[in-house]
Amino acid sequence: MSAGAAISGASAYSAGPVETTTLPSRGRVGILVLILTESVFFSIFVAAYVFYIGKNLSGPLPKDVLAPPIVNTICLLSSSITIVLAMRALQAGSIRAFGIWWLATLALGIEFMIGTAMEWRRLIYIDHLTIRTNLFGTTYYTLVGLHALHVTIGLILILLVMIFTMMGYMNRRHAERTDVLSWYWHFVDAVWVVVFITVYVVGR
Amino acid sequence: MAGSIEHRIALSAESDHASLPILGRAHEWVVTVDHKRLGLMYIGGGLVFFLIAGLQAATMRLQLAIPNAGIIAPQVFNRLLTVHGTAMVFLVGMPILTGFLNYLVPLMIGARDLAFPRLNAFGFWLWLFGSLLLYFSYIGGDGLYGAGSAPDVGWFAYAPLTERAFSRGNSTDYWILSILLTSVGSTATAINLLTSIFCMRCEGMTLRKMPVLVWLAAVVSFLMCVVLPPLSAAQAMLLLDRFLGAHFFDTQAGGSAILWQHFFWIFGHPEVYVLVLPAFAFANEIIPVFSRKVIFGYSVMVAASCALAFISLGVWAHHMFSVGMAPAGNAFFAASTMLVSIPTGIKIFNWIGTMWGGKIRFRIPMMFSVGFLAQFLIAGLTGIMLAVAPFDWQLTDTYFVVAHFHYVLIGAIVFMIFAAIYYWFPKATGKMLGERLGKWHFWLFLIGFHMTFDTLHFAGLRGMPRRIYTYQPGRGLDTINLIASIGVIFQAAGILMFLINVIRSLRSGKPAGDDPWDAWTLEWSTSSPPPEYNFAELPVVRSRRPLWDLKHPEDPDWKYE
Ligand code: HEM
Ligand SMILES: [Cu+2]
């Protein structure tokens, strides 16, 4: 059984030039491809949202009940900045600073989810808008909910890293994996920009 | 990873697979994360579903053999055709083809596994349970209403037929869940393959030195990553409609039935390329080896495949000409569809160019490949006919369309799957498949295929609609349908030869050796079957045909590249 030994560099077969290439890391390429698929997934929901703007047969309509969640948006977008600062601290080897910025990211993300929850509470109990009320309800809850689901997944992962950090397991060697997570977080933030424009600007 | 290889070699030497009790061996397959085992499980599972869905097709053909046959009820026919179509696409075509890519890509790029082995196993089990759900619908589909059994909405499941009001019971829910799970599994596989191709290539294998199969695997994976999410999104919306009372496709609340058609075909057309590009990929490896020539126009071949994938994203509404789009829409989608013929033509010429002047060896894989070439050409020609919108208005939803797409699905894809099985079976098992039974298989299947599907074009031209469970006598359809149904007997006989061949070879096949076809790519440099770790030492590559260089040190490829 040759099992490939004959063709390896160690054998007699070693003539001729070998072009070397440096290959990118699995984690980074993997997350980029995942982001690609997720973007397509989201864009179908955005397409459905835009397609159904103004086609409601009954109220409530977006212009009656929606107010742009400015504070929420500022919180979520600034969490992209805090996570960058956290990654810088980690790469510089300062675990303490990393922990602080990471905690800030977590807090900002949680604030966003609380804001969304309050908005949904108001819409459901005061404005009586549910997923089955009309097309606006259907598309609004699915698009915003899908994004909120992604924020939640991100928050769980961020919380996990936070726990590891507090238990003292975090060090510079984990920088790459943590960085991959931060790319996901940036993606979730970028999607919010699209959702915000679709729902609160164009859709109103 | 390199550090643990001695350990893995020692381990696999220790555990003598054959001596393990049967339960232990089964356990090994269940917990495996090895890309080769997962690949084989995909192919094996896909073949089992191929037999089941094939039997369902045979039942339909039996009913259609004579007018007013009355063998099965109309509802049963609708369920058969829905489950047959869905299964053939999601439970047969995709898993067998991704199974091959799973098996071959790491071997061909000189790696020990895919980038994320556990994700790979996850994708496989998701696929398997999703597949079982589709057939479970025969038992569970009744739901609380006691309505239905298996889904009967057709494989493209047009809205609002799929809404709660019109599809009671749970059959459509099983259909949705099955497709959702299998396509999430396939997406995971695609992410894995793409990452592996970018990150796991062995020393010296630059992008320009990858085998064409690996290039096409990259293109297909990319395509899967962008076309499966629209399908999953649409299924998620339908699920919300059915369970939470949302209104995406609920026409009574202002929802749009056409939106479903767009979402479905944005997936549905490129899906054809997800299925056919791996078939092209097999042809790209098999035809050169059996013509004893390098592939003609490597970079053109790769470029044409990228172009095909790209164009296929912009032609979906040729499935919707009869909806009544604006003339501009019809014109655009007719034109973009015709554009597909350019890269396709280039590919066909390149394969012929590869064979031209070569020393062709007509072994079984090559026979299936030549069949593929001819049949794919015809399928392409009827496709161009259907791209002409007025022609399509006349023939859409007739047997002409059924014949056209089966020419692609069987004439091209299933033929290349068989070619690939005959070609790589020796690598995966260490045994050759029998040549004589292989010839029986090929000729019976070829004759049966043409009897069934050549004739059905004419049934369509004479106005026989698709998806009907019977037809009136004396309309010029009787003989055609009888011949088509007799063809199924030949096809079934061919498949039987294939099964006997596989079982015989596994028991007492001729030992294959490492490189039975005198081939050129890396998978043939390791033993048959390859060890768990693929290569004891990772290969180093200097050209597109590393094994040629090894066998012909006096005239290596790298001098010319
Ligand atoms: C093995 C021989 C096969 C036979 C005899 C056969 C026969 C049939 C028949 C009779 C129908 C119903 C047509 C209608 O009433 O509209 C059908 C539909 C279909 N078949 Fe096949 N088939 C075969 C293989 C395949 C394969 C290999 C694939 C895909 C890989 C496939 C994919 C489909 C699809 C997608 C449909 C459409 C289902 C629908 O209309 O919802 N078939 N086939
Ligand atoms: Cu199409």
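In this predicted model, helix α14 (residues 399-429) of chain B packs against helix α16 (residues 478-508) of chain B, with an angle of about 10° between them and their axes 12 Å apart. Because angles under 35 degrees count as roughly parallel, α14(B) is roughly parallel to α16(B). On the α14(B) side, the contact is made by F418(B), I421(B), Y422(B), F425(B) and T429(B). Facing them from α16(B) are I495(B), F498(B), N501(B), V502(B), S505(B) and L506(B). Sorted by type, the residues of this contact come out as eight nonpolar and three polar, with no charged ones.

The largest nonpolar core takes in 234 residues. The residues with the most contacts inside this core are W102(A) and Y140(A) from chain A, together with L277(B), F372(B) and W424(B) from chain B. As for helices, α7 (residues 212-244) of chain B gives the most to the core, with 22 residues. Leaving aside residues up to four places away in sequence, F372(B) touches quite a list of partners: F280(B), A283(B), W351(B), G411(B), A412(B), F415(B) and M416(B).

Chain B also holds on to a metal. The copper ion (ligand 2) has three histidines as its protein donors: H269(B) through ND1, H318(B) through NE2 and H319(B), also through NE2. These donors lie 1.7 to 2.0 Å from the copper ion, and along the chain they follow the spacing H-x48-H-H. The site brings distant parts of the chain together, since H269(B) sits in helix α8 (residues 257-291) of chain B while H318(B) belongs to the loop between α9 (298-312) and α10 (327-339) of chain B, 49 residues apart. Are these two histidines buried or exposed? The cut-off for buried is under 20% relative accessible area, so H269(B), at 7%, counts as buried. H318(B) is buried too, with a value of 13%.

Over in chain A, A175(A) is part of helix α6 (residues 175-202). This alanine is buried, with a relative accessible area of 9%. Which residues does A175(A) touch, not counting those up to four places away in sequence? They are M87(A), L90(A) and Q91(A). From the C-alpha atom of A175(A) to that of A92(A), the separation is 10.0 Å, although the two residues are 83 residues apart along the chain.

Notes:
Residues numbered from 1 in each chain as written. Chains lettered and ligands numbered in written order. Predicted model: local features only at pLDDT ≥ 70, side-chain atom pairs only at ≥ 80, totals over all residues. Heavy atoms only, no water. Donors = N, O, S within 2.8 Å, 3.2 Å for Na, K, Ca; no water. Helix = DSSP H or I, 4+ residues; strand = E, 2+ residues; numbered from the N terminus. Buried < 20%, exposed > 50% of the residue type's maximum accessible area, 1.4 Å probe, protein only. Axes fitted to C-alpha atoms, helices over the stretch in contact; angles between N-to-C directions. Parallel < 35°, antiparallel > 145°, perpendicular 65-115°, else oblique. Contact = heavy atoms within 4.5 Å. Nonpolar A, V, L, I, M, F, W, Y, C, P; charged D, E, K, R; others polar. Core = buried A, V, L, I, M, F, W, Y, C linked by side-chain atoms within 4.5 Å.
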